[in-house]
Amino acid sequence: MIANRGEIALRVIRACKELGVKTVAVYSEADANAKFVYYADEAHLLGPGPATQSYLKMEKIIEIAKKTGAEGIHPGYGFLAQNAKFVRMCEEAGIEFIGPKAKAQELLGDKLGARRTMKKAGIPIVPGALDAVQDDKDALQVAEEAGYPVMVKPAGGGGGIGMQVCRSKDELLEAIKKAQRLAASAFSRAEVYIEKYVEKPRHIEIQILADKKGDVIYLGERECSIQRRHQKLIEEAPSPVMYEDPDLRRRMGETAVKVAKVAGYENAGTCEFLYSEKDHAFYFLEVNSRLQVEHPVTELVTGIDIVKEQLKIASGEPLSIKQEDVQIRGHAMECRINAEDPLNNFVPSIGLITNYIEPGGPGVRVDSGIYAGYTIPPFYDSLVVKLLTWGNDRNECIARMRRALDEFVIEGIQTVIPFHKVVMNDEEFIKGRINTEFIQDRNILEKVKLQFEQDEAWRKSRANVLSKIQPKAEEAPQQPQAGAAVTDKKTVALAAAIASYIQSKPMRQPVSSGWVLSGRLRSAR
Ligand code: MV4
């Protein structure tokens, strides 16, 4: 059973099909026409659209699993993926939760507890406190020791919610009060702690696989520094820093393996690190105890199907891959295509997809939950498609991403495609010089407006041409017989119209810049 929706539900169904495993989907009323519902072997209605009445209904999901004879539940990401209580319920119902056990989830869900455990095990953590802030005096002392700027983080949180940077004593005392309020409402746990703030870090994470016997391997890293408000937008592998320091992957990878072993981790997971370019140091941040959105980036450079591995691990098989068999080949990148308006503060864009044409060709992978004629419901995450490209090197990967973004047609809603086009043409991005402040530092959002207008002009021009050459339904010409001379007047007129529009050279989609050819072809541009 897949206790999730959208592209990730489909991703899991695909892995099951390849392994010959039957699938059960559960869906909300708002998802009755979703792609994953059609692709599953059977599908069961959970309830109304809001997640609290559908995808978060733990008892109902377990009940359907029992009724259908599902042997395991894959939670995808979000919803119940990191809910220790749900993991326990599965264990009690005799259903295999495809992910880490409740105990590991609990240990890693408590960020402060995880810091203490990892420090004891000799894992490099960001300098700072091992206990929650008690009072102002205690807070000021910890901050003084770590040195400003510091960061206040909720102990129950993760993913950036409620975190604040403080550059002085006054800022710190304010931030603590605010963070405690936020943490109490977001995680029903008011405790916060203090860490040294690492300036302009890179966000690099290690993908791991762990079997039930306790064997753990790492599948290399992903760099996820291109984020907006703690929402990742672009991920890639290898991290550009690995090209400069080839031993860094091994050091970070072996650290992640140790983290997994210390936590008693099982199944697929991700160990997050901050990397400081200034001192070439990395620090353990947290473990994401689930399959992540960006896992296909690693699949493209390792050739390993992570979801199939998850299913094999859950069924009790030992790891089929040894660490020395893991090879990183070429470069891969993911652009998250969110249904959001990049010109209007990225507000979600919902409604009918009126036109949808996916890119293809060499090195392109599209993991999509949508299609032409589908209506995006208002209840869920705005991620609708993951566009990935692979190349022999980073430049080829970027060139393919530019091409794929140019080919992609999604109409009826707004998407962040113009944002990605701007990044793929940014000089610093092309050089691999990125960090978590990239979007602000490079003024990306200001450039998106121009890109949007260019895309819109191209779309209008294309629509105009199509409206003139596409026959209206009532005057559709009859298909001429093979070999017969075309005499039908309407067909002749249509052919003439097409020829005339081709000759009138309708506007072409502008060619993305950034790639320089050295030889003769240069003049063609
Ligand atoms: C940090 C940090 C710098 N210093 N901690 C954000 C998400 C969560 N997993 C950890 N995060 C961070 N923790 C210290 N001590 C930087 C981040 C961070 C970040 C901060 C601001 C803006 C974007 C960011 C993207 C990734 C990580």
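User: How do the axes of α4 and helix α5 cross, and within what distance do they come?
Analyst: In this predicted model, the axes of α4 and α5 cross at roughly 175° and come within 9 Å. Helix α5 covers residues 102–109.

User: Which residues make the contact?
Analyst: On α4 the contact is made by A84, V87, R88 and E91, and on α5 by A102, K103, Q105 and E106.

User: And how do those split by class?
Analyst: The contact of α4 with α5 has 4 charged residues, 3 nonpolar and 1 polar.

User: OK, what about α3 and α4, at what angle do they pack?
Analyst: About 30°, with the axes 11 Å apart. Helix α3 runs over residues 58–68 and helix α4 over residues 84–93. The two are therefore roughly parallel to each other.

User: Is that crossing left-handed or right-handed?
Analyst: The crossing of α3 and α4 is right-handed.

User: Which residues make that contact?
Analyst: From α3 you get M58, E59, I61, I62 and K66, and from α4 there's K85, F86, M89, C90 and A93. The residues of this contact divide into 7 nonpolar and 3 charged, with no polar ones.

User: Switching to the ligand. How many residues surround it, and which are the closest?
Analyst: There are 18 residues around the ligand, and the closest are K153, E195, K196, V198 and E272.

User: What lies 2.6 Å from a nitrogen atom of the ligand?
Analyst: A backbone N or O atom of K196.

User: And what does V198 put 2.9 Å from a ligand nitrogen, a backbone or a side chain atom?
Analyst: For V198 it's a polar backbone atom that sits 2.9 Å from a nitrogen atom of the ligand.

User: How about E272, backbone or side chain?
Analyst: Side chain for E272: an N or O atom there is 2.9 Å from a nitrogen atom of the ligand.

User: Backbone geometry next. Is the peptide bond from Y148 to P149 cis or trans?
Analyst: The Y148 to P149 bond is cis, with omega near -5°. P149 lies in the loop between α7 (136–146) and β5 (150–154).

User: What kind of peptide bond joins A237 and P238?
Analyst: A cis one, with omega about -5°. You'll find P238 in the loop between β10 (231–237) and α9 (240–244).

User: What's the phi of R229?
Analyst: R229 has a positive phi, about 50°, although this residue is not a glycine. R229 sits in the loop between β9 (216–228) and β10.

User: Back to helices. At what angle do α14 and α17 cross?
Analyst: Roughly 115°, and their axes come within 8 Å. Helix α14 spans residues 417–424 and helix α17 spans residues 444–469. The two helices are therefore roughly perpendicular to each other.

User: Left-handed or right-handed?
Analyst: The α14 and α17 crossing is right-handed.

User: Which residues of each helix make the contact?
Analyst: On the α14 side they are P418, F419, K421, V422 and V423. On the α17 side they are I444, L445, K447, V448, Q451, F452 and D455.

User: How do they divide by class?
Analyst: The contact of α14 with α17 has 8 nonpolar residues, 1 polar and 3 charged.

Terms used:
Residues numbered from 1 in each chain as written. Predicted model: local features only at pLDDT ≥ 70, side-chain atom pairs only at ≥ 80, totals over all residues. Heavy atoms only, no water. Axes fitted to C-alpha atoms, helices over the stretch in contact; angles between N-to-C directions. Helix = DSSP H or I, 4+ residues; strand = E, 2+ residues; numbered from the N terminus. Parallel < 35°, antiparallel > 145°, perpendicular 65-115°, else oblique. Left-handed = near helix turned anticlockwise from the far one by under 90°. Contact = heavy atoms within 4.5 Å. Nonpolar A, V, L, I, M, F, W, Y, C, P; charged D, E, K, R; others polar. Near = heavy atom within 4 Å. Polar contact = N/O pair within 3.5 Å; in protein donor to acceptor, adjacent residues only side chain to side chain.
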